[in-house]
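Colleague: I have a bit of time before group meeting. Could you take me through this one?

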Amino acid sequence: MHKKYTYVWVSFVILIFGIIFIPKIVDRVRSGEIVDNDRMSKLAFIEVNGQKRKVPSFSFINQDSLLITDKDYLGKVYVAEFFFTTCPTICPVMTKNLVELQNTFKDFEDFGIASFTINPRYDVPQVLKEYAEKNNITDIDWHLLTGDRDAIYNLAQNGFYLIATEDKEAPGGFEHSGMFALIDKNGFFRSRRDAANNPIIYYRGTVTEEQRENNEGEEEQISMLKEDIKKLLKEE
């Protein structure tokens, strides 16, 4: 008798669940709520005027004096930054964070990094080579890029929408962004969404995971960048 009543009770619970919750689940599917949650788990494309932003064409020389273009990054997930080797402020932290990413994804042939110098007059290939050696930059797909100054500035300001300019008042004589851009295998800008479902667009490169936050109270975003790189590496 005990088992019989147990079976009856379980059946009653299942029936009640179906009556109460299944219609609600159906309503959520119809309203698009479940679809939205699935969309939230995927990285957003960055759009301007309804068009997905893509890295424009570029062509520069790397630390090994090799010509590198945007096409060399197709098929790879990569992180891009603008820096200069004599930067006395944020660049050392940014480089440290990128080395951390390099080491985390060292076994992935479809991962890379692009570092564009905003001081190409000084940062010639040999200087970039020495900088790479000093900072343990070993990934063959991490290119430190130099070339025409105006082309680099145009790429930064009009391609990446990031600050890059000479400024005698700024430390080191240049002003630039401390943010990292995340690019997918097809050359599109990608990022995660914030709590309001808007793309964050860039990832903070000036705070390490160990710091957790800087003196201004800005939290590190390298850990989330690692998570998002993994997501893009799984995309076809």
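Colleague: To start, how many helices and strands does the protein chain have?

Modeller: The secondary structure of the protein chain comes to 6 helices and 13 strands, where helices (H or I, at least four residues) and strands (E, at least two) are DSSP runs numbered from the N terminus. Please keep in mind that this is a predicted model, in which local features need pLDDT of at least 70 and side-chain atom pairs count only at pLDDT 80 or more, whereas totals for chains, interfaces and linings use all residues. Residues are numbered from 1 along each chain as its sequence is written, and side-chain values use heavy atoms, with hydrogens and water left out.

Colleague: And what percentage of the residues in the protein chain is buried?

Modeller: Of the 236 residues in the protein chain, 42% are buried, a word that here means under 20% relative accessible area, with exposed being over 50% and partly exposed in between (1.4 Å probe, protein chains only). As for contacts (heavy atoms within 4.5 Å), residues 24 or more positions apart account for 70% of those with a separation of 6 or more in the protein chain.

Colleague: Which residues have the most contacts inside the largest nonpolar core?

Modeller: Those are F116, F160 and I229, in a core of 53 residues; such a core is a set of buried Ala, Val, Leu, Ile, Met, Phe, Trp, Tyr and Cys residues joined through side-chain atoms within 4.5 Å. Among the elements that give two or more residues to this core are β6 (77–83), α3 (91–104), β7 (111–117) and α6 (222–234), and β6 gives the most, with 6 residues.

Colleague: Which strands does β6 pair with?

Modeller: Pairing requires that DSSP finds at least two bridges between two strands, and β6 pairs with β7 in the parallel sense over 7 bridges, with T117 in β7 as the bridge partner of F83. A further 3 bridges join β6 to β11, and these two run antiparallel, with A181 in β11 as the bridge partner of A80. A80 also stands opposite A114 in β7.

Colleague: What is the handedness of the unit that β6, α3 and β7 make?

Modeller: The β-α-β unit of β6, α3 and β7 is right-handed, in the sense that, with the strands pointing away from the viewer, the path from the first strand over the helix to the second runs clockwise.

Colleague: OK, and on the β7 side, how many bridges join β7 to β8?

Modeller: There are 4 bridges between β7 and β8, which run parallel, and F116 stands opposite L145 in β8. The chain crosses from β7 through α4 to β8 in a right-handed β-α-β crossover. Within β7, 7 of its 7 residues are buried; S115, for instance, lies in this strand and counts as buried because its relative accessibility is 0%.

Colleague: Changing topic: where does UniProt place the "binding site" feature?

Modeller: The unreviewed UniProt entry places that feature at C87, C91 and H176. Although these residues are spread over 90 residues of sequence, they cluster in space, with a largest C-alpha distance of 10.0 Å. I would treat the annotation with care, as such entries may be inferred rather than shown by experiment, though the positions are given in the numbering used here and the feature names are shortened.

Colleague: Are C87 and H176 buried or exposed?

Modeller: C87 counts as buried because its relative accessibility is 7%, and H176 is buried too, with a relative accessible area of 12%. C87 lies in the loop between β6 and α3, whereas H176 is in strand β10 (residues 174–176). Leaving aside neighbours within four places in sequence, C87 is in contact with P92 and H176, while the contacts of H176 include F82, F83, C87 and C91.
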